Amino acid sequence: MNNDPRAEPIPVIREVDGGTAKLLPDVDRRRAWLLTVDGAPQSYVDLDDPTCIEFEYVRRLAHVVDCAAGDGVPLDVLHLGGGALTLPRYVAATRPGSSQVVVDADRALLQLVREHLPLGSATGIAVHAADARAWAGAAPAGSADLLVADVFGGSRVPAHLTSIQYARIVQRVLKPGGIYVANLADGAPFAFLRSQLATFRAVFAEVALIAEPSVLRGRRFGNAVLLASARPLDVAALARRTAGDAFPARVEHGDSLRRFIGDAEPVDDAAAQPSPEPPDGAFSIG
């Protein structure tokens, strides 16, 4: 990358483990970049303003961060899946002193991000190239206030991150009252999403779902954010925040969530499946 501050930023294209990665400069923000892999948007980062979040599902993850503790209180966070580290940068900016570990299996992608979207010093973010479930399985018990899963193999959530055995690993890693939050993707009739909710409900006392009404009504394939905790979630605060977004979302919890889950059953490792393949053009750009 050209280090001359007067130079116009240019796209960066590199083969990574997961396909062809592109870093595309934002024409409106001089130090902002969109990361895509095989045409699918992965991350948006503004190096000058880490609180700038463009993707709606990442904004919902950020709302969970905002509601996880009092304003500015540092958190211990384990991120499974890294991309361009949008959410870890947000946590570091809004909760200084947080200790964060990021795990991503795509070593080449992490190297690309290190080179072109540097974190800077004293962020408290440690980045590792490793399998997400294996790392979580070896993590200390009761070590995370927040465990964030945003892992996609191509455009699908890997099967080994969808089972009840994986949910129990998550439960062990979280502190009492800690929160698990996962970015998932599905469309009607929601066999995958319903099974995921049933799986985590079998392990955690509290489960909730954040998604746009158009997704929940089956009108389109899209992202949905799953939350799970041993203690009550601040559903009212999350509902206020998500309702005020540019693309408002709804928080499903309690009876409405039980109706959505219906007769779905938890899945174990033997029966686990990756999330469904998105329809053509569901997430791709350009």
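Modeller: This is a predicted model. Start with strand β3, residues 32-37, and its pairing with β4.

Biologist: What makes β3 and β4 a pair?

Modeller: Pairing needs at least two bridges between the strands. β3 and β4 have six bridges, in the antiparallel sense, so they count as paired. Leu34, for example, has Tyr44 in β4 as its bridge partner.

Biologist: Why are β1 and β4 said to stand at the edges?

Modeller: The open sheet has four strands, in the order β1-β2-β3-β4, with antiparallel pairing. β1 (12-16) and β4 (40-46) each have a single partner strand, so one side of each lacks a neighbour in the sheet. Neighbouring strands are turned by 20 degrees against each other on average, direction ignored.

Biologist: What lies across β1, β2 and β3?

Modeller: Helix α3, residues 107-116, does. The helix runs at about 155 degrees to β1.

Biologist: How do you know that Arg14 and Glu115 form a salt bridge?

Modeller: The cut-off is 4 Å from a side-chain nitrogen of Lys or Arg to a carboxyl oxygen of Asp or Glu. The closest N and O atoms of Arg14 and Glu115 are 2.8 Å apart, so the pair qualifies. Arg14 is in strand β1 and Glu115 in helix α3, so the bridge ties together parts 101 residues apart in sequence.

Biologist: Why is Arg14 called partly exposed?

Modeller: Buried means under 20%, exposed means over 50%, and partly exposed is in between. Arg14 has 27% relative accessibility, so it counts as partly exposed. Glu115, at 40%, counts as partly exposed too.

Biologist: Which salt bridge does Arg194 form?

Modeller: Arg194 meets Asp263, at 3.0 Å from N to O. Arg194 is in helix α6 (residues 191-201), and Asp263 is in the segment after α9 (255-261), 69 residues apart.

Biologist: Is Arg194 buried or exposed? And what about Asp263, buried or exposed?

Modeller: Arg194 has a relative accessible area of 19%, so it is buried. Asp263 is at 63%, so it counts as exposed.

Biologist: What makes Asp255 and Arg258 a salt bridge?

Modeller: Their N to O distance is 2.3 Å. The limit is 4 Å, so the label holds. Both residues lie in helix α9, three residues apart, about one turn of the helix. Asp255, at 48%, counts as partly exposed. So does Arg258, at 46%.

Biologist: Which residues are joined into one network?

Modeller: Arg60, Glu212 and Arg220, through salt bridges that share partners.

Biologist: How many salt bridges does the rule give?

Modeller: The count comes to 13.

Terms used
Residues numbered from 1 in each chain as written. Predicted model: local features only at pLDDT ≥ 70, side-chain atom pairs only at ≥ 80, totals over all residues. Heavy atoms only, no water. Helix = DSSP H or I, 4+ residues; strand = E, 2+ residues; numbered from the N terminus. Axes fitted to C-alpha atoms, helices over the stretch in contact; angles between N-to-C directions. Contact = heavy atoms within 4.5 Å. Buried < 20%, exposed > 50% of the residue type's maximum accessible area, 1.4 Å probe, protein only.
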